[in-house]
Amino acid sequence: MPTLPSRAPGIFVGEIESFLSHISLERGLSTHTVSGYGRDLAQAAWFLAQLGCSDWRAVSVSQATAWAHSLSGKKKYAITSVARKLTAMRVFARYLIQEKYRDSDFTSLLSAPKVTRRIPSPLTVDEVARLITAPTGNDSVSLRDRALLEIFYSSGLRVSEVADLSLHQLMLEQGLIRVLGKGSKERVVPTGRKAADALDRWTHEGRPRFVTKHTRSHVFLNQRGGSLSRVGLWTIVKYYAQRAGITKNVTPHTLRHSFATHLLSQGADLRAIQEMLGHTSISTTQIYTSVDARLVVSHHRRYHPRRA
């Protein structure tokens with residue numbers, strides 16, 4: 001099978017483009033998700049064209065099933081990738097029916113592989129404290145790095161949300177941050193006093209030293225006055241984890257996991273955590289109940305007098 005281009009064959013393009021506009025504008029899905037669905041549908045379209053399909057009206061259940069089976073062939077896609085591709089096709093098929101482009105669902109026999117959700121490994125409270133206090137000194141870089149480590153853990157933001165954070169989103173006197181999350185959905189999240197103080201010091205004492213005439217309103221800047229990228233944020237977190245002597249694999253997402261797990265272990269309501277994390281579905285947040293249960297078992301095995 002030849003390498004597939006990013007665009008679908010011309011006879012399939014119109015419906016795909018309409019669908020992508022629909023999920024972007026009306027359903028508010030993220031640019032990343034929309035692009036991924038577009039690539040998946042383009043790949044499917046090329047396969048179906050090779051089977052002789054003239055357009056989406058002509059696709060049969062057996063042809064769609066053949067495409068699904070091809071995903072587990074020579075290329076050996078990861079289970080998560082296969083699941084996403086099948087989801088893209090099912091959502092698209094329902095869209096075609098909704099738009100009365102066709103009457104039947106050609107994805108009716110497609111079943112997604114079971115994706116085993118990996119339980120995240122959070123940091124302990126002591127490890128978080130060591131990490132956040134690793135940037136020492138009053139220079140601009142230390143002020144910046146302390147502030148961003150505080151905000152990752154204090155508010156549980158995604159790395160993309162921290163990278164895109166602008167000054168007008170900070171409401172430090174109220175202890176709040178307005179966050180633009182996935183699908184351009186806005187939420188307001190609290191931030192602790194220590195994080196607010198660290199942000200205040202960075203924005204008033206450290207950040208002005210990095211500002212140039214080309215600097216925009218991003219909160220976190222590099223030393224050239226540009227915004228810190230996701231890779232830059234990831235590198236900073238990894239650096240201070242090593243400096244703090246933490247042997248676990250620590251990423252910005254580790255701090256997000258730790259934020260949620262520690263809140264839950266202290267009795268926070270799961271739906272409140274869902275709101276703070278910006279999860280659309282409570283089922284996504286429920287993974288932290290598994291993490292907390294694991295911690296409970298660990299404590300029992302460590303401290304109970306009849307643990308052996």
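Trainee: In this predicted model, which backbone oxygen does the side chain of arginine 158 reach, and at what distance?

Mentor: Arginine 158 sits in the loop between α6 (140–155) and α7 (159–164). Its contacts beyond four places in sequence include Leu277, Gly278 and His279. The side chain of arginine 158 reaches the backbone oxygen of glycine 278, at 3.3 Å.

Trainee: Is arginine 158 buried or exposed?

Mentor: The cut-off for buried is under 20% relative accessible area. Arginine 158 has 11%, so the residue counts as buried.

Trainee: With which side chain does the side chain of glutamate 161 make a polar contact?

Mentor: Glutamate 161 is in helix α7 and is buried, with a relative accessible area of 4%. Leaving out residues up to four places away in sequence, glutamate 161 touches Val179, Leu180, Gly181, Lys182 and Arg187. The list for arginine 158 also includes Gly181, Lys182 and Arg187. The polar contact of the glutamate 161 side chain, at 2.5 Å, is with the side chain of arginine 158.

Trainee: What is the order of the strands in the open sheet?

Mentor: Two bridges join β1 to β2 (residues 176–180), and these strands run antiparallel. β2 and β3 also pair in the antiparallel sense, over five bridges. The order in the open sheet is β1-β2-β3.

Trainee: Which strands stand at the edges?

Mentor: Each edge strand has a single partner, so one side of each is left without a neighbour in the sheet. The strands at the edges are β1 (170–171) and β3 (186–190).

Trainee: Which residues form the covered face of β3?

Mentor: In a regular strand the side chains alternate between the two faces of the sheet. The uncovered face of β3 has Glu186, Val188 and Pro190. The covered face has Arg187 and Val189.

Trainee: Which element gives the most residues to the largest nonpolar core, and how many?

Mentor: This core has 38 residues, and those touching the most other members are Leu131, Leu148, Leu149, Ile177, Leu199 and Phe220. The elements that give two or more residues are α5 (125–132), α6, α7, β2, α8 (193–206) and α9 (230–243). The element that gives the most is α6, with six residues.

Trainee: How many residues are in the other core, which lies apart from it?

Mentor: Its members include Ala64, Val82, Leu96 and Tyr101. The residue count of this other core is 30.

Trainee: How far apart in space are alanine 68 and leucine 86?

Mentor: Alanine 68 lies in helix α3 (residues 61–70) and counts as buried at 16% relative accessibility. Leaving aside neighbours within four places in sequence, alanine 68 is in contact with Leu86 and Leu110. Alanine 68 and leucine 86 are 18 residues apart in sequence, and their C-alpha to C-alpha distance is 7.2 Å.

Trainee: What span should helix α2 have, and how far apart are its end C-alpha atoms?

Mentor: Helix α2 (residues 31–50) has 20 residues, and at 1.5 Å a residue it should span 28 Å. The end C-alpha atoms agree with this, being 29 Å apart.

Trainee: Which residue with a positive phi follows α2?

Mentor: The phi in question is near 100 degrees. The residue is glycine 52.

Trainee: What is the phi of lysine 100?

Mentor: Lysine 100 is found in the loop between α4 (79–98) and α5. At 73% relative accessibility, lysine 100 counts as exposed. Although lysine 100 is not a glycine, its phi is positive, at about 60 degrees.

Trainee: What percentage of the 308 residues in the protein chain is buried?

Mentor: The chain has 13 helices and three strands, and it exposes about 17,000 Å², of which carbon and sulfur atoms supply 52%. Buried residues make up 47%.

Technical notes:
Residues are numbered from 1 along each chain as its sequence is written. This is a predicted model: local features need pLDDT of at least 70, side-chain atom pairs count only at pLDDT 80 or more; totals for chains, interfaces and linings use all residues. Side-chain values use heavy atoms; hydrogens and water are left out. Helices (H or I, at least four residues) and strands (E, at least two) are DSSP runs, numbered from the N terminus. Buried means under 20% relative accessible area, exposed over 50%, partly exposed in between (1.4 Å probe, protein chains only). Accessible areas come from the Shrake-Rupley method with a 1.4 Å probe; for residues, only the protein chains shown count as cover. Two strands pair if DSSP finds at least two bridges between them. A polar contact is a pair of N or O atoms within 3.5 Å; within protein, one must be able to donate a hydrogen and the other to accept it, and residues adjacent in sequence count only if both atoms are side-chain atoms. Contact means heavy atoms within 4.5 Å. The expected span of a helix is 1.5 Å times one less than its number of residues. A nonpolar core is a set of buried Ala, Val, Leu, Ile, Met, Phe, Trp, Tyr and Cys residues joined through side-chain atoms within 4.5 Å.
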